[in-house]
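Let's take a walk through this one, ring by ring and then into a loop. Have the viewer open as you read.

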Amino acid sequence: MKLFVSSSPHLRSKKTTTGVMLDVIIALMPALIMAVVYFGFKALLLAFICVATCVLTEYICRKVMKRKNTITDLSAVVTGLLLALNLPVDINPFIAVFGCVVAIVVVKQMFGGIGYNFVNPAIAARVVLMVSFPTAMTTWTNTCFMDSVDGVTSATPLAAAEGTYSYLDLFLGNIGGSMGEICTLAILLGGIYLVARRIISPIIPVVYLGTAAVMSLILGLDPLYQLMSGGIMLGAVFMATDYVTSPITKWGKVIFGVGLGVLTMLIRTYSNLPEGVSFAILLMNILVPHIENLTKPRAFGESRKKGEKV
Amino acid sequence: MNREELKFPKKPFFTKGGAKVPHRKNTATCESVELKDIPEVIIPMSQHIGAHCKAVVGKGDKVFVGTVVGDSDAFVSAPVHSSVSGEVKDIIYITLPNGVVSEAVVITSDGLFEKDPAIKPPVVENKADFLKAVRASGLVGLGGAGFPAHVKLNVPEDKEIDTLLINCAECEPYITTDHREVLENSWNVFSGIYAVKDILGVKRVIIGVEKNKPDAIKLLKEMADNDKYDPDDVVRVLPLKSSYPQGAEKVLIKACTGRVVPTGKLPSDVGCVVMNVASVAFVAEYLKTGMPLVNKRLTVDGSAIKNPQNVIVPIGTPINKLIELCGGYKEECAKLLMGGPMMGISLFEDTAPVLKQNNAIIAFNEKEASTAKGGSCIRCGKCVDACPMGLVPTKIALAAKKNQVDVLKEYNTMTCMECGCCTVACPAQRYIVQSIRLGKAILREEAKKEKGAEVKK
């Protein structure tokens with residue numbers, strides 16, 4: 001009789017990395033569907049281009065590096081989808097492809113692939129594109145329900161004066177912006193799905209949005225308007241909760257969320273940049289290792305006083 | 001010691017983490033079957049934590065059920081007894097499933113199960129007598145750890161014990177032996193509790209039972225309310241949430257009393273003694289009859305077993321013989337476990353004997369035995385949420401692989417009790433607890449080196 005010998009435990013949960021990524025993809029579907037509703041099938045085409053580029057790039061990368069191929073874990077699909085949702089729908093496809101290559105090659109694979117990137121690939125790529133192609137990245141197409149009196153493009157709610165858009169338009173996404181970030185409702189649905197499936201903990205999104213709301217009040221802005229415009233919803237639910245680049249400790253998540261909220265609102269108010277979410281997430285990503293070192297949980301039975309021998 | 005007034009908790013205290021493992025208590029309704037048709041038993045001299053025993057019988061000696069076949073002078077040790085009557089066939093060396101090489105006495109059974117004439121109930125007048133009797137009974141922690149019971153019960157004078165906890169959580173999947181012990185042997189459970197409580201002088205006894213055993217909870221509650229079984233009214237039953245590892249000593253103490261055992265300390269430091277329900281039932285049996293620990297209740301289950309059931313077998317029964325008596329395999333067995341699937345040891349041969357601290361034999365088919373692939377850590381933090389000890393498992397595991405001693409120390413690696421919740425929860429299917437075990441070994445080596453350096457100075 002041949003017996004297999006291994007160290008305990010001899011059970012595993014059914015949840016796998018692929019399953020987690022699949023859940024994230026499902027959670028992104030409402031946002032993608034709303035993008036199609038507002039902009040037509042070109043939104044779907046852009047998403048497809050991004051996903052295909054990301055998966056293909058990852059495949060080639062792993063081949064060239066002579067490593068085990070990881071495209072089946074679906075993480076490249078998530079990156080592609082997230083980046084697509086962060087782009088204006090009418091962007092030149094070549095710019096989108098360039099962004100995908102940056103995300104996968106430079107940010108993800110050069111640091112060792114899934115689990116080793118220190119910043120979120122989709123966010124980093126978006127920042128690279130914003131710096132490289134500022135005009136293309138901020139030319140927002142009107143949604144199909146808007147009156148096209150001021151031409152084919154519209155200002156984002158952040159660039160326009162507060163009150164330009166009604167709360168209902170902001171909530172439903174009938175505003176200018178990247179194709180996936182406009183519809184607050186769709187993003188919230190995705191977020192609720194992720195929390196219900198226990199994929200993400202609600203700590204980061206809740207603390208992030210809460211801090212941003214408080215900061216708005218301090219800075220004399222309308223918190224509701226601020227939270228429903230720009231990329232903060234998409235950022236809080238999908239980008240800031242990225243496993244690899246967010247703290248794994250509970251208090252680390254809280255500090256991370258507070259930092260994001262403060263930075264986002266400061267950049268929105270005091271800098272010349274059109275939006276603060278991407279830069280805030282990028283900055284906080286870099287701080288994650290330090291945040292984790294500061295928030296090491298107290299072990300069971302460990303003395304409350306630091307350094308005291310029990 | 002200043003303690004809060006002793007109260008019986010109405011509901012368990014909060015315990016952190018844990019894993020939702022499948023229950024698979026298929027044998028909960030199977031009454032234990034006594035198996036006697038064993039031609040030969042192999043009795044290892046190491047069936048406990050502590051010093052190995054030396055064989056005190058020779059080849060060709062006639063032995064009876066309960067005859068001492070191995071003993072040791074060491075304090076942390078427990079004698080071993082023959083579980084059958086017959087003739088000593090040989091004294092051999094075997095490798096136990098945990099990798100320890102031990103002497104073992106092979107006894108050919110004559111099938112008569114004659115009791116050793118020297119066996120009589122022990123005379124217990126004081127604590128010293130009681131501890132001597134417990135040692136002579138060969139009792140070790142029957143929950144799985146195998147720590148000699150007389151050592152645990154010999155609480156130093158300066159430590160005040162106020163609570164006796166009876167562990168009937170049985171959080172491991174498959175295993176139903178404690179459950180059956182309660183249903184089939186409840187009278188002994190209570191008289192054992194009374195014997196131990198009187199020796200320890202405690203005023204509070206809490207039986208912790210996971211909620212997935214409603215019939216056991218009901219029965220124990222009825223008995224605890226009955227003056228016949230609980231005349232001093234000190235025993236209470238506390239239903240615990242069904243979550244692995246509720247039965248781990250430190251977790252059980254927290255759940256039942258709210259007390260936290262400090263790192264590196266023992267339950268007695270927070271006024272508790274924890275005993276397995278089968279252990280206390282055995283104490284009662286021994287005080288009544290004087291028959292030492294020679295039989296063991298086991299759950300035989302798993303996807304490859306034809307007739308899952310609970311059995312009572314002589315200690316030392318070879319596992320292949322046991323499985324044959326249980327109807328054999330229905331599929332090819334690819335993994336054989338001694339103990340539950342969470343902390344059990346996988347066997348490298350099926351001829352290994354049943355040990356005192358065993359409570360289950362689980363046989364997995366090919367599909368269930370297949371192993372995880374072990375991808376990259378995606379830092380999801382599921383292991384952090386699952387760890388009942390409040391550790392950061394993935395960090396410790398990575399530090400262990402890189403041999404970073406200072407990180408291992410900083411992250412309280414030695415607090416890990418190796419329950420495996422982190423590993424079960426990991427979506428990347430990584431070998432987390434296995435790496436942490438490596439980390440603990442690294443720290444033990446390091447401590448040895450430091451000690452050596454001090455001696456040289």
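**Rings, charges and a loop residue**

Lys296(A) lies over the face of Tyr411(B), 5.6 Å from the ring centre. Here a charge sits over a ring if NZ of Lys or CZ of Arg is within 6 Å of the ring centre and within 35 degrees of the ring normal. Arg236(B) does likewise within its own chain: its charged end is over the ring of Phe8(B), at 4.4 Å from the centre.

Quick housekeeping: this is a predicted model, with local features needing pLDDT of at least 70 and side-chain atom pairs pLDDT 80 or more, while totals for chains, interfaces and linings use all residues. Residues are numbered from 1 along each chain as its sequence is written, chains are lettered from A and ligands numbered from 1 in the order written, and side-chain values use heavy atoms, without hydrogens or water.

Now for rings against rings. Over all chains there are seven aromatic pairs (ring centres of Phe, Tyr or the six-membered ring of Trp within 6.5 Å; planes under 30 degrees apart are stacked, over 60 edge-to-face, the rest tilted). Phe98(A) and Phe133(A) have centres 6.1 Å apart and planes at 80 degrees, so they pair edge-to-face. Because Phe98(A) is in helix 4 and Phe133(A) in the loop between helix 5 (121-132) and helix 6 (134-137) of chain A, the pair ties together parts 35 residues apart in sequence. Helices are DSSP runs of H or I, at least four residues, numbered from the N terminus. In chain B, Trp187(B), Phe190(B) and Tyr229(B) form one aromatic cluster.

Finally, Asn86(A) is in the loop between helix 3 (75-85) and helix 4 (93-108) of chain A.

Methods. Helix = DSSP H or I, 4+ residues; strand = E, 2+ residues; numbered from the N terminus.
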